[in-house]
Every structure is written in structure tokens, then in C-alpha cells.
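Hi,

Here is the structure I promised to pass on.

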Amino acid sequence: MRKWTAIRELLGAALVAALVTAPARAQEPTTPVMVNAERAMVTRGELESALKEIERNLAGSGYSAALRTAKQAQADAIRERLSQGDLRVGDLIRLDVAEVSSISNLYQVSSTRTIGLPGNIEISVAGLLRSELQDYMTTQLKKLVRDPTVRVVPTIRISVFGAVGKPGFVTPPATTLLSDVIQQFAGGPANNVRWEKSKIMRGDKVVVDGPEFRDAVNTATTIDQLNLQAGDVIDVAAKPAGGTFFRIMGALSAVTSVIWLGIQIF
């Protein structure tokens, strides 16, 4: 009787160990900064409204501790965006001036957050949102050109890795949908893609994870609405290799081995 009790205990432990394919990930709150906006690029007013809504909810008692932490981080990120602006070092800005072809060019944001126009003209873009850039550049160029016709297209240098056809660095316009970044700039998703496990990283910090990523793909959300910055990494997840069948067969094999070991011991 003791022998079979011990074997049953061994089998129970083996089943648990064999069926767990990966260690459980700690449920840390993520901090997606996904702002609903009427336009492809979020305005200062929309960011301020989103921040007030978060602060109003934080003042109440309806949030759990984990959700409160996540919302506080989201509020901090919006405050940083409002104060620091969107344009980061290395971002590219496409500037077209109909009246002066020599000004029309692709400009890179410098380490001092300026762009250098011909004639050693430096224009600061520090503190600006992408949605403010069109009107701001039109005002600045009026100092050089009478009634200029200006078109500004800000871009974001990011990278896309994982379950995509062409992983690597891309520089899409800020108005590009997340789904289009993956489809048009990164060669499209692989057949085994898992949107609900995909994420966007900023250094070692997750800024968009799981359901938020899936929703952004499905609801035509732009990378500006997701608050992406230069250097962010889009990590498109894939289904585990082998599939369910092979995981079950592996588990059964492990159980069989434990049974054999138990018989040999007792």
C-alpha cells in the first residue's frame, strides 16, 4: 500500500511538472498610453482631457492597487509628453514648401531638438507635439517665405521584431496605423502570430502589452495614438513551436518515464 501511495504521489508531481510548458509570468501592471483621438495624431487638448480623466479616477477608490499603479504610470507618461513633446533625437520630419523647392527635404531632429534648414537656419522643435508641427512650421516659415504652402510629415524610427516577414528598423509616418506598420513596413504578420501576446517595449519597460496590443491592431489605432517614441520596439509574438499535440505527447512521455522509475524503485 505504501508503495502505490508513493507512486501516485510521484505521478501527481510528474503531471504538474510535465504539463507546465513555461514558468508563470508575474502579473505586473502594464502602462499603455493609448489615447482616443478624433485625428490620427493626438492633440494637446485630447491629452489633457485624458489626463484629467485618469486623475479623476485615481482620486476615487474604485481601482485595485495594481490598476492604480498602472494608471499612475500612464498619467506620468502623458505629463511627460505634454511637457517634453513628441520629437526625439533621430526622428525624421518630411517638410515640403511649394514655393521654395530648396527647403523641401527630409530633416533629422538633432541632439538639441532642432532641424537645420538651408542657410544655417536652426528651428527648434522641442516641446512640440506631432499634431502641432504643421501649424508651427508654417508660422516659422512665414519669416522666410511669404504665405508659404507647407506640408509636414513627422516620422518615428522604431523597430519591429518577432513573427513578421521583414524584421528590423522602420521609419513610418506618425499617422500610420499599428496594423499597417506590421503589414506594409515589416512584411506582414506570420501565420502563427499571437496578437494577445505581442507587446511594445521602451528599453526594459513594456508600454503596450497583450489585449491592448490586440485592440490597437483591430481598432485602427495609429502609432501616435499609442504614444510611440524613437527607439521603441514592436515585438510581435508567435505561437509556441510544436503546438498542443506535441506538448501533450511530451507530457505523456514524461509520465511514462516516472511510472517506470517508480516501479524500479519499489
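Predicted model: local features only at pLDDT ≥ 70, side-chain atom pairs only at ≥ 80, totals over all residues.

Is Arg 113 buried or exposed? Arg 113 has a relative accessible area of 18%, and under 20% counts as buried, so Arg 113 is a buried residue.

Asn 227 is the other one to click on. You'll find Asn 227 in the loop that links α6 and β10 (233–238). Here too phi is positive in a residue other than glycine, with a value near 65°. Asn 227 has a relative accessibility of 3%, so it goes down as buried.

Now for the helices. Take α5 (residues 178–185) and α6 (residues 211–218): their axes come within 6 Å and cross at roughly 75°. Angles of 65 to 115 degrees count as roughly perpendicular, and therefore that is how α5 and α6 lie relative to each other.

Which residues meet where these two helices touch? From α5 there are Leu 178, Ser 179 and Ile 182, and from α6 there are Phe 213, Ala 216 and Val 217. By type, the residues of this α5 and α6 contact split into 5 nonpolar and 1 polar, with no charged ones.

That's what I have for now.

Cheers

Terms used:
Residues numbered from 1 in each chain as written. Heavy atoms only, no water. Axes fitted to C-alpha atoms, helices over the stretch in contact; angles between N-to-C directions. Helix = DSSP H or I, 4+ residues; strand = E, 2+ residues; numbered from the N terminus. Parallel < 35°, antiparallel > 145°, perpendicular 65-115°, else oblique. Contact = heavy atoms within 4.5 Å. Nonpolar A, V, L, I, M, F, W, Y, C, P; charged D, E, K, R; others polar. Buried < 20%, exposed > 50% of the residue type's maximum accessible area, 1.4 Å probe, protein only.
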